[in-house]
Amino acid sequence: MKILFVGDASNMHNCLAQALRDLGHTAVVASNGSHWMDTSRDIDLKRGPGKMGAVKYVLDVLRALPRMQGFDVVVTCGSIFLDLKPQKVRRVFDWLKRHNRSMVMSALGTDYVYFHACHDGKTYRYNDFMVGEHPSPYALSKEYQAKHEDNWKLPLMRQHSEHIVGNIDGAISCLWEYHACYKPLLGDRLAYGGIPVDTKGVEPHLIDREPEKVKLFIGIQRDRNILKGTDRLLEAARRTVDRYPTLCELKVVENVPYEEYVTLLSQSHVLLDQLYSYTPATNALLAMARGLVAVSGAEPEYYDLIGERDNHPIINVSPLVEGDIDAKLEWLVHNKNLLPDLSRRSREFVVKHNDSQVVARRHLEFYEKILDKK
């Protein structure tokens, strides 16, 4: 099978492409390298700054189009898969649809469908923008008002979303959150894929004995700190260390190079990741593959979706319960004898559900189902 990925997010498409190649398929990635991550791609579509960068980017996309035809499946990174305005993205989408056998969308990231599901009062109990019936800290921030408040409410965004969703052959969700909001729209045209992790390429550092002190780790991305609830996780972690300085310690890193980040992460026991999620995302899964215990989202809806009844190693924290983060961290440091078992089970969980070849086979099964209907 010949598969083209257009766009990438957190290295997901690049990781998936490599797994598909290992399974004997042809996979090509055309992307901007996940922005600052600068991940591998076969066709470089990175936009430079300013007007000249914009002009060059459009030319780069046009030059790349002849290399982006004749594929069995084209997989776009959401509905806005290029660094262009929706009208121009739509024109590229239509060209790709005419010159390839099928179009599939990776359901991920904030888009029109997810944004409106976050505000409908019924799809989620909490999310990036709402906690219960109240706006999240991010939704009250100046950053949100500048970037999102009006953007996803515009008629052109609705029109663009309806055009893409109405003309794809199917979509594959990477998290429960996106599966939940797209299922009512797509029905059988939606499948769950999950986030791929190259577990064979991740060296595990399993916790082999009860540590004297639990090493808590939190990585901060300035532009996503409030959005993902890292600010509240950090505050709770600091309170826990202040209460139990002989039982735990905290390592905080901010915007460090990736190799340094991985080294520091591997020297820790517990990763604090996201607060407003139902599902462990890329950062948590990579940490779990290394043998760390993740404090993140892992709601019953997620375990039900993946069919996991027995192994629940993620420490689920809820923004709806006052003091829940503090209580879960306190439980961890007072039960640090359980860390070796949680470490082993965390690695096993990712290998079972998120190994890149496991995710790739889910994708292939869905692609074949789509192509059979052609």
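User: Great. What should I know about the model and numbering?
Analyst: This is a predicted model, where local features need pLDDT of at least 70, side-chain atom pairs count only at pLDDT 80 or more, and totals for chains, interfaces and linings use all residues. Residues are numbered from 1 along each chain as its sequence is written, and side-chain values use heavy atoms, with hydrogens and water left out.
User: How many residues does helix 3 have?
Analyst: Helix 3 covers residues 86-99, so 14 residues; helices here are DSSP runs (H or I, at least four residues).
User: Which residues of helix 3 are buried?
Analyst: Pro86, Val89, Val92, Phe93, Trp95 and Leu96, with buried meaning under 20% relative accessible area (1.4 Å probe, protein chains only).
User: And what does Leu96 touch?
Analyst: Leaving out residues up to four places away in sequence, Leu96 touches Leu4, Val6, Met68, Val74, Phe81 and Met103; contact means heavy atoms within 4.5 Å.
User: Switching to the second largest pocket: which element gives the largest share of its lining?
Analyst: Helix 3, with 4 residues. Lining residues have an atom within 4 Å of a pocket point; on a 1 Å grid over the protein atoms alone, a pocket is an open set of points where a 1.4 Å probe fits, with protein on both sides within 12 Å along at least five of seven lines.
User: Which residues line that pocket?
Analyst: Val58, Val61, Leu62, Leu65, Leu84, Lys88, Arg91, Val92 and Trp95.

How values were computed
Helix = DSSP H or I, 4+ residues; strand = E, 2+ residues; numbered from the N terminus. Expected span 1.5 Å × (residues − 1). Buried < 20%, exposed > 50% of the residue type's maximum accessible area, 1.4 Å probe, protein only.
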